[in-house]
Amino acid sequence: MKSCVVLIFCILFLYSIGHGQQGLQNRMYAKDLLKTNLHDTLRVVTLNDLGFTYIFERSDSGIQYILQAKSLADRIHFEKGSITSSSNLAIAYMLKGETYRAIHYAYEALTLAQKIKNNQLILGA
């Protein structure tokens, strides 16, 4: 378990190094996109992406965007969006050191992915 957590942190660290400047550009684009009249599923995807770019620097802001995505995904029954939101929340809370919340959202993502029998999402959860 400990080696798994270390591996996850290494992957997240390498991701954040490689996407620092690109993350800033993506944030500006995503915020502009959210001001338009998006289809609900695209809004969920955009909110998740925007939230994910924030979790490494301003985790509370990232969590707020992801919670908005999760709320909308649950409301419109967009299961893939809900799974992505739960996975992102698990990562965000793990980075904040809130292990129990991280486990809760990781388990939620895994359970939903198993429910829809999507092996790719099961691995990502």
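This is a predicted model: local features need pLDDT of at least 70, side-chain atom pairs count only at pLDDT 80 or more; totals for chains, interfaces and linings use all residues.
A pair of aromatic rings is described by the distance of the centres and the angle of the planes. Three aromatic pairs are present in the structure. One of them joins Y54 and Y65, whose rings are stacked, with 5.6 Å from centre to centre and 15° between the planes. Because Y54 belongs to helix α3 (residues 40–54) and Y65 to helix α4 (residues 59–75), this pair ties together parts that are eleven residues apart in sequence. Y54 has a relative accessibility of 4% and therefore counts as buried, the cut-off being under 20%. A further stacked pair is formed by Y93 and Y105, for which the centre-to-centre distance is 5.8 Å and the angle between the planes is 10°. Here the link runs between distant parts of the chain, with Y93 placed in helix α5 (residues 79–96) and Y105 in helix α6 (residues 99–115), twelve residues apart. Both of these tyrosines, Y93 and Y105, are buried.

Helix α3, which carries Y54, comprises 15 residues and spans 21 Å between its first and last C-alpha atoms, close to the 21 Å expected at 1.5 Å a residue. Buried residues of α3 include V44, T46, L47, N48 and L50, and also G51, F52, T53 and Y54.

Two packed helices are described by the angle between their axes and the distance between the axes. For α4 and α5, the packing angle is about 160° and the axes lie 9 Å apart. Since angles over 145 degrees count as roughly antiparallel, α4 is roughly antiparallel to α5. The crossing in which α4 passes α5 is left-handed. On the α4 side, the residues that meet α5 are S59, D60, I63, I66, L67, A69, K70, A73 and D74. Their counterparts in α5 are G81, S82, S85, S86, N88, L89, A92, Y93 and K96.

When neighbours within four places in sequence are left aside, G81 is in contact with V44, N48 and A73. G81 and L42 are 39 residues apart in sequence, while their C-alpha atoms are 9.3 Å apart in space.

Terms used: Residues are numbered from 1 along each chain as its sequence is written. Side-chain values use heavy atoms; hydrogens and water are left out. Rings of Phe, Tyr and Trp (its six-membered ring) pair if their centres lie within 6.5 Å; planes under 30 degrees apart count as stacked, over 60 as edge-to-face and the rest as tilted. Helices (H or I, at least four residues) and strands (E, at least two) are DSSP runs, numbered from the N terminus. Buried means under 20% relative accessible area, exposed over 50%, partly exposed in between (1.4 Å probe, protein chains only). The expected span of a helix is 1.5 Å times one less than its number of residues. Axes are lines fitted to C-alpha atoms, for helices over the stretch in contact, and angles run from 0 to 180 degrees between N-to-C directions. Angles under 35 degrees count as roughly parallel, over 145 as roughly antiparallel, 65 to 115 as roughly perpendicular and the rest as oblique. A crossing is left-handed if the near helix is turned anticlockwise from the far one by less than a right angle, and right-handed if clockwise. Contact means heavy atoms within 4.5 Å.
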